Amino acid sequence: MRGLGRALVAGAFVAVAVAGTAGWAAADAQEAVTGPPPGAAAWRADTTTGHRLPDPASATPREVAAFFAQLGEEQRQTLVRRHPQVVGNLDGAPVPLRYEANRRAIAATHDPRYLRLAASDHQILAFDPRGRGQVAEVYGELEGAEHLSVIVPGSDIDARTFDRRNDPYGTPAGMATALREADHGVSAVIAWVGYTTPVGVGVDAASGRLAEAGAERLTRLTEGLDAVGAPDPVLFCHSYGSVVCGLAAHRTDASDIVALGSPGMRADTVADLDTEARVWAAKDPSDWIDDVPHIEFAGLGHGADPTDPAFGARRVPAADAKGHTGYFAPGTESLRAFAAIATGDVR
């Protein structure tokens, strides 16, 4: 009965937090974008190469990589021209081919919100205009990289906002740029907005529904990176993104998982994540995330605080970071530590 009483109190606490936190009531419920990319049906029916094309819904990234390895350059270019949205989002396809395909796909939208991404100085690894839009951009050279990091963002991030300039270190693009500068360009970094993030701090942000869909897509990304010979990535998981990383942890080959400003990872301890990756956690003293109850009840809340010593994560110093989005600000202890983790300079 005591356990039931504690659970009821915890549930009431979550309900009060959801109802009473500023902005929660105004948040919009989001529908997760899942499944194969647009154009998959036409891709499956295409016989122009003389080969059966791998099904985007079921082929593994390694099968995709093997398929493209048997094609000549002319056949590859034919597929890019005919099916840019599929090739651009096909994990396991050659990286330069995906960049080219996504430039074509973005330009074909004629959408002013996205056209900047079609410029030649952008390396777009994935682009999906459905919903609020998803995108993944590579900073540095992914091919041949010795070190690779992936930024996994939290709420309010999509293809339009992932590089907004009024909050440079709170966006995946800003985080990626800051990390590259801090490690002197040693690592390649992917700003990954490959899942539907919550809007605002509402029930979506308090539940794991969107994170579960995101974890599937993050797992697929890491499998695709492995299929093209990229190094095991370091995952930098901000805010709700750490929920995504927690759910994906046991299925990725990440070398390190860094949770920053985390509401929880849907686990009580590092051991519960069932991962061989080193797990790190950062939280600065002024981060409002500290006011979020670290419980999980009736599908709401995300569990233990990863910075709690009992959780078992390695602690990243963050005393001089400011607020919820200050961890990648230049000169901070946290950014210096992130750069060392990204390049494997810590043990």
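Visitor: Which residues in α4 meet which residues in α6?

Guide: This is a predicted model, in which local features need pLDDT of at least 70, side-chain atom pairs count only at pLDDT 80 or more, and totals for chains, interfaces and linings use all residues. Residues are numbered from 1 along each chain as its sequence is written, and side-chain values use heavy atoms, with hydrogens and water left out. Arg76, Gln77, Val80 and Arg81 in α4 meet Leu97, Glu100, Ala101 and Arg104 in α6, where contact means heavy atoms within 4.5 Å. Helices (H or I, at least four residues) and strands (E, at least two) are DSSP runs, numbered from the N terminus.

Visitor: How is the packing of two helices described?

Guide: By the angle between their axes and the distance between the axes. Axes are lines fitted to C-alpha atoms, for helices over the stretch in contact, and angles run from 0 to 180 degrees between N-to-C directions. Here the axes of α4 (residues 73-82) and α6 (residues 95-109) come within 9 Å and cross at roughly 30°. The two helices are therefore roughly parallel to each other (angles under 35 degrees count as such).

Visitor: Which residues of α6 are buried?

Guide: Buried means under 20% relative accessible area (1.4 Å probe, protein chains only). In α6 this applies to Val95, Leu97, Arg98, Tyr99, Ala101, Asn102, Ala105 and Ile106. These buried residues pack against α3 (61-69), α4, α5 (84-88), β1 (124-128) and β2 (134-139).

Visitor: What follows α6?

Guide: His110, whose phi is positive, near 55°.

Terms used
Angles under 35 degrees count as roughly parallel, over 145 as roughly antiparallel, 65 to 115 as roughly perpendicular and the rest as oblique. Buried means under 20% relative accessible area, exposed over 50%, partly exposed in between (1.4 Å probe, protein chains only).
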